Amino acid sequence: MAYAKIHNGRRGWLVAKRKPACLNFMKRYGNLFDKITTLANLQEAYRRSARGKHWQRAVKEYDKDPLPWLLKLKESLKQGTYHTAPYKTKRIHEPKERTIYILPFYPDRIVHHAVMNVLEPIFDKLMIKDSYACRKGKGQHAGSTRCMEMVRRNKYCLKCDISKFYPSVNHAVLKRIIRHKIKDKELLALLDEIIDSTHTETNVPIGNYLSQWFGNLYMNEVDKYVKKTLHFKDYIRYCDDFCFFSNDKDELRKIRAWLPEYLDKQLKLRLSKCQLFPTSQGVDFLGYRHFPRYILVRKRTAKRIKRHLRETMHLLRQGRITPETAKSKIASAKGWIQHANAHNYTMANHINELWEEVKAYEQV
């Protein structure tokens, strides 16, 4: 029996028996491309990609009779003649400046959904429990609840995020990660075509449905190392924001010293922030500020909600949006606020009064 040195973040270097090769085998999936290109899957992908967008001119055109277009797309995928369309881009400045990449509804967005209809269950099985982005049954509110559990039982937090994460994702590294799980040559060729569609060595475009999962899969390499090699208990991630919690400050200092080299060597990423502080100061994560005994809406989020409410009511009073639209926007704000201790914020911004005013407009 061979032996190997394994680093444990809490106990230093340990000597452990190396498992036989057969026990280290990770299942790789094949025969997936044919599932992706079935007409039934393409129809489901069409339904999902068109959800909430049937008012758009591009979607309306295909809604008249989608079947011939889906059959044409199926043939294109089967023949290997599908290529990602040129991107349109736009700049947004909220919450920070980013470039959003936009693809046509047909065929690109349909293709992305068709791929993920088949790959999502496979990718999801790879994720650790405390990864909360893009996954069914997870999300921001579930992540916030879990973060509160960790805040309450730990004195210190190491909070990190990646500098320009999506533009920094390395294509060669991403392809290698995907090939650890997928062996279907036709599917790999399709994924490579989508990954390389920016014609750069890095960048998975923000705005692509597949990019969310590519990013999650990329950072899952960190998750696995933290959980399975370091055996670190209280760790949570959402996209490229992640936190380590401990009652041992020195333990977090060691993580802070190790992390930059690991990210650079394994994933070609660098940190923009890596802050170590007491949890009593509040942990700013997922739009909320988590304290051991209560949770507040993040200041930046609170300001944004206040501004949106003001804009919504201004447009409603001028007749430029319907009461239904205004009600939806206010309901979204109320839903966000209700997860925090925000009674004073609700009263100061007259949110309940605004809700009643919108309901009165509905009755006119």
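## Helices 8 and 9

In this predicted model, the contact between helix 8 and helix 9 involves His171, Leu174, Lys175, Ile178 and Arg179 on the helix 8 side. Their counterparts in helix 9 are Leu188, Leu191, Asp192 and Ile195.

Helix 8 spans residues 171–179 and helix 9 spans residues 185–195; their axes come within 11 Å and cross at roughly 155°. Because angles over 145 degrees count as roughly antiparallel, helix 8 is assigned as roughly antiparallel to helix 9. The handedness of this crossing is right-handed.

## Helices 10 and 11

Helix 10 passes helix 11 in a right-handed crossing.

On helix 10, the residues in contact are Tyr218, Glu221, Val222, Tyr225 and Val226. They meet Trp258, Tyr262, Leu263 and Leu267 of helix 11.

## Helix 15

Helix 15 comprises 13 residues, 351–363. At 1.5 Å a residue, a helix of this length should span 18 Å, and the end C-alpha atoms of helix 15 lie 19 Å apart, which agrees with that expectation.

Four positions are named as the buried residues of helix 15: Ile351, Leu354, Trp355 and Val358. They cover an arc of only 105° around the axis and therefore lie on the same side of helix 15. These buried residues pack against three helices, namely helix 12 (299–317), helix 13 (323–337) and helix 14 (343–348).

## Overall architecture

The secondary structure of the protein consists of 15 helices and eleven strands. Taken along the principal axes, the C-alpha atoms fill a box of roughly 80 × 60 × 30 Å.

Of the 364 residues in the protein, 46% are buried. Contacts between residues at least 6 apart in sequence were also classified by separation: 69% of them join residues at least 24 apart.

Conventions: Residues are numbered from 1 along each chain as its sequence is written. This is a predicted model: local features need pLDDT of at least 70, side-chain atom pairs count only at pLDDT 80 or more; totals for chains, interfaces and linings use all residues. Side-chain values use heavy atoms; hydrogens and water are left out. Helices (H or I, at least four residues) and strands (E, at least two) are DSSP runs, numbered from the N terminus. The expected span of a helix is 1.5 Å times one less than its number of residues. Buried means under 20% relative accessible area, exposed over 50%, partly exposed in between (1.4 Å probe, protein chains only). The arc is that of the directions from the helix axis to the C-beta atoms. Contact means heavy atoms within 4.5 Å. Axes are lines fitted to C-alpha atoms, for helices over the stretch in contact, and angles run from 0 to 180 degrees between N-to-C directions. Angles under 35 degrees count as roughly parallel, over 145 as roughly antiparallel, 65 to 115 as roughly perpendicular and the rest as oblique. A crossing is left-handed if the near helix is turned anticlockwise from the far one by less than a right angle, and right-handed if clockwise.
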